[in-house]
Amino acid sequence: MIRRLQALAAALLALAPAPAAAWWDFGHRTTASIAWSRLSPAARHEVRRLVAHAPELATPTCPIRSIEDASVWPDCVKTLGERFSHAFPWHFQNVDICKPFDIDSNCPFGACVSRQITRQAALLADRTLPDRERLQALAFLVHLVGDLHQPLHAGDHNDLGGNRVPARYGPGGPRGNLHLIWDGWLAERAITTPPADLLAELGDPVTAAAGTVEDWSREVWEISRDRAYAPLLGDPCGAPGAEPVTVSAGMIETAIPVVRQQIARGGLRLARLIEEALAASRSRAGARERGARAIRR
């Protein structure tokens, strides 16, 4: 009976739809929480002020009450149909791991995660926009920085970021695909077991947060090749077989520190982008006010 129940549970997990573009909620919320812990009081105040405008987004089934809620809002609104369908390709970029790194090789008209991170940060910084629009930009920024740090949102081997690689999570475990494993089961396990301070494991936070969005994209692309594809396939540029590959217990243990590192990096880098965007918006607002005073004189 126990074996039958285990088999039934595994079958149900295998039939569950894989999230199209997420670290699942837990990964995104953890990244957002890390960012929040690093924000200055001024930045936190502005984030809270923007969050207060959430009803203006008119997405009551996808509420935003905190930065953690904002981190999952872009996935939630996918259920709202055509209104947000244009944003689907923003969640990934799938750069071929077997060719020289080139973000724009799979980013038509800037519709990919790295280019949209830069765009949404600029929208957040623009105080001429309605607060509703800046809140939406904040939500996309928080979410997309999380997505960028999931290796299989950045790397690809002509398989939709591992979505076409059938895989089993652990010997005798549930079947899905390589993307699903990194996006969900592995991410959740990495964050919760063993419980620890992800930032303490990462080392110097200033060094971790340094670089550009393109630098981070290249870094995650390399991780996808070396840590997601290679352990399973041997040759990361080889063709997977027809049968599901198994992510062994040893592979899972080796991948856990990588996932934890990526979530911590994402949180620190997100905090930096939010701080920079809000500082830029304050600077522009101050310049406009000084200009207005000069005109009044």
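This is a guided tour of the structure, stop by stop.

The model is predicted: local features need pLDDT of at least 70, side-chain atom pairs count only at pLDDT 80 or more, and totals for chains, interfaces and linings use all residues. Residues are numbered from 1 along each chain as its sequence is written, and side-chain values use heavy atoms, with hydrogens and water left out.

Select β4 (175–177) and β5 (245–247), the edge strands, each of which pairs on one side only. Strands are DSSP runs of E with at least two residues, helices are runs of H or I with at least four, and both are numbered from the N terminus; two strands pair if DSSP finds at least two bridges between them. The open sheet has three strands in the order β4-β3-β5, with mixed pairing.

Next, select β3 (residues 166–169), which pairs with β5 in the parallel sense over three bridges. Alanine 167 has valine 245 of β5 as its bridge partner.

**The nonpolar cores**

A nonpolar core is a set of buried Ala, Val, Leu, Ile, Met, Phe, Trp, Tyr and Cys residues joined through side-chain atoms within 4.5 Å. Buried means under 20% relative accessible area, exposed over 50%, and partly exposed in between, with a 1.4 Å probe and protein chains only.

The largest core has 43 residues; Val47, Trp73 and Leu141 are among those that touch the most other members. Helix α6 (131–148) is one of the helices that each supply at least two residues, and α6 gives the most, with 10 residues. Centre the view on leucine 141: beyond four places in sequence, the residues that leucine 141 touches include Ile117, Leu124 and Ile274. Apart from this core lies another, of 35 residues, among them Ile103 and Cys107.

**The disulfides**

Finally, select the cysteines. A disulfide here is a pair of cysteine sulfur atoms within 2.5 Å, and the count by this rule is three.

- Cysteine 62 and cysteine 76 are joined, S to S 2.0 Å. The torsion about their S-S bond is about -80°, so this disulfide is left-handed. Cysteine 62 is buried at 2%, whereas cysteine 76 is partly exposed at 26%.
- Cysteine 98 and cysteine 237 have sulfur atoms 2.0 Å apart. The former lies in the loop between β1 (95–96) and α5, the latter in the loop between α10 and β5, so the pair ties together parts 139 residues apart in sequence.
- Cysteine 107 and cysteine 112 are joined, S to S 2.2 Å. Cysteine 107 is buried at 6% relative accessibility, and cysteine 112 is buried at 0%.

Technical notes:
Contact = heavy atoms within 4.5 Å.
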